[in-house]
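Subject: Structure handover

Hello,

Here is the structure I said I would pass on. Please open it first and keep it beside you while you read the notes below.

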Amino acid sequence: MTEPLEFRITLYPDPILRKVARPVERFDDELRATVRAMFDLMYRSQGVGLAAPQAGLDRRILVLNPTGDAAQADSELALVNVTILDRSGPVGIYEEGCLSFPQIYAEVKRPERCRIRAFTPEGREFEQDYDGFTSRVIQHEYDHLEGVLLVDRMSPADKARHKVALTELVERYRRGQPASK
Ligand code: CO
């Protein structure tokens with residue numbers, strides 16, 4: 001019998017957050033259990049989206065639910081090996097948070113619409129257009145698969161405003177690491 005998967009949030013500046021994540025190769029029960037555990041972690045953390053590197057996994061998997069409400073499972077979206085084919089529309093500014101940067105929010109500019117190609121956890125390939133908040137969440141989470149983080153998208157003013165909090169995260173990470181030789 002296998003243990004149920006239970007992931008924890010990977011916090012900045014863990015190096016896994018800086019890697020370009022690797023594609024999923026097998027669409028099997030293990031993948032579907034991983035996706036389910038990612039949704040569980042996202043809901044537990046009160047997020048609306050989560051990328052696999054944030055669960056410590058080097059894989060191109062995103063889960064999101066723009067409602068943030070586990071009861072609204074119809075709004076769940078799990079994207080495997082996702083590619084953003086196109087971004088379009090006016091550039092909007094929105095205050096984004098990130099589970100890997102607790103308590104830090106910053107205004108980020110992104111085009112309003114995106115078109116993606118992805119696979120479902122069952123292995124079915126599809127293309128779809130998104131706009132509004134869902135498009136925003138997809139673009140944020142997609143950044144994680146490319147090793148791009150909220151801190152990279154911040155204005156210099158936001159970065160200065162969050163300097164103390166960012167330094168604290170770096171120090172907390174260092175304290176959690178074994179002493180270097
Ligand atoms: Co994030």
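A residue is called buried when its relative accessible area is under 20%, exposed when it is over 50%, and partly exposed in between, with a 1.4 Å probe and protein chains only. The model is a predicted one, in which local features need pLDDT of at least 70 and side-chain atom pairs count only at pLDDT 80 or more, while totals for chains, interfaces and linings use all residues. Residues are numbered from 1 along each chain as its sequence is written, and side-chain values use heavy atoms, with hydrogens and water left out.

Helices (H or I, at least four residues) and strands (E, at least two) are DSSP runs, numbered from the N terminus.

Aromatic pairs

Rings of Phe, Tyr and Trp (its six-membered ring) pair if their centres lie within 6.5 Å; planes under 30 degrees apart count as stacked, over 60 as edge-to-face and the rest as tilted. The count by this rule is four aromatic pairs. In one of them, the ring centres of Phe27 and Phe119 are 5.5 Å apart and the planes are at 45°, so this pair is tilted. Phe27 is in the segment before H1 and Phe119 is in strand E4, so the pair ties together parts 92 residues apart in sequence. Phe27 is partly exposed at 27% relative accessibility, and Phe119 is partly exposed at 23%.

Phe39 and Tyr43 form a stacked pair, with 6.2 Å from centre to centre and 20° between the planes. Both residues are in helix H1, four residues apart, which is about one turn of the helix. Are Phe39 and Tyr43 buried or exposed? Both are buried.

Nonpolar cores

A nonpolar core is a set of buried Ala, Val, Leu, Ile, Met, Phe, Trp, Tyr and Cys residues joined through side-chain atoms within 4.5 Å. The largest one has 18 residues, and those with the most contacts inside it are Val35, Met38, Phe39, Leu50, Ile61 and Val63. H1, E2 and E3 are the elements that give two or more residues to this core. Helix H1 gives the most, with eight residues.

What does Ile61 touch, leaving aside residues up to four places away in sequence? Taking contact as heavy atoms within 4.5 Å, its partners include Val24, Leu31, Val35, Met38, Leu50, Leu79 and Leu145. There is also a second, separate core of 17 residues, which includes Leu79, Ala118, Tyr130 and Tyr142.

The cobalt site

Donors are N, O and S atoms within 2.8 Å of the metal (3.2 Å for Na, K and Ca); water is not among the atoms, so sites may look incomplete. Which residues coordinate the cobalt ion? They are Cys98 through SG, His140 through NE2 and His144 through NE2, at 2.1 to 2.2 Å. The spacing of these donor residues in sequence is C-x41-H-x3-H. Cys98 is in the loop between strand E3 (77-96) and strand E4 (106-119), and His140 is in helix H2, so the pair ties together parts that are 42 residues apart in sequence. Cys98 is buried, with a relative accessible area of 9%, and His140 is buried as well, at 7%.

Salt bridges

Side chains of opposite charge can pair when their charged atoms come close. A salt bridge here is a side-chain nitrogen of Lys or Arg within 4 Å of a carboxyl oxygen of Asp or Glu. By this rule there are 17 salt bridges.

One of them joins Arg22 and Asp58, whose closest N and O atoms are 3.1 Å apart. This pair links distant parts of the chain, 36 residues apart: Arg22 is in the segment before helix H1 (29-44), and Asp58 is in the loop between strand E1 (49-51) and strand E2 (61-64). Arg22 is partly exposed at 45%, whereas Asp58 is buried at 15%.

Another joins Asp143 and Arg153, with 2.8 Å between the closest N and O atoms. Asp143 is in helix H2 (residues 132-145) and Arg153 is in helix H3 (residues 150-153), ten residues apart. Asp143 is buried, at 4% relative accessibility, while Arg153 is partly exposed, at 35%. Both belong to a network of salt bridges that links Glu96, Arg110, Arg136, Asp143 and Arg153.

Asp28 and Arg26 also meet in a salt bridge, at 4.0 Å from N to O. Asp28 lies in the segment before H1 and is partly exposed at 26%, whereas Arg26 is exposed at 60%.

Regards
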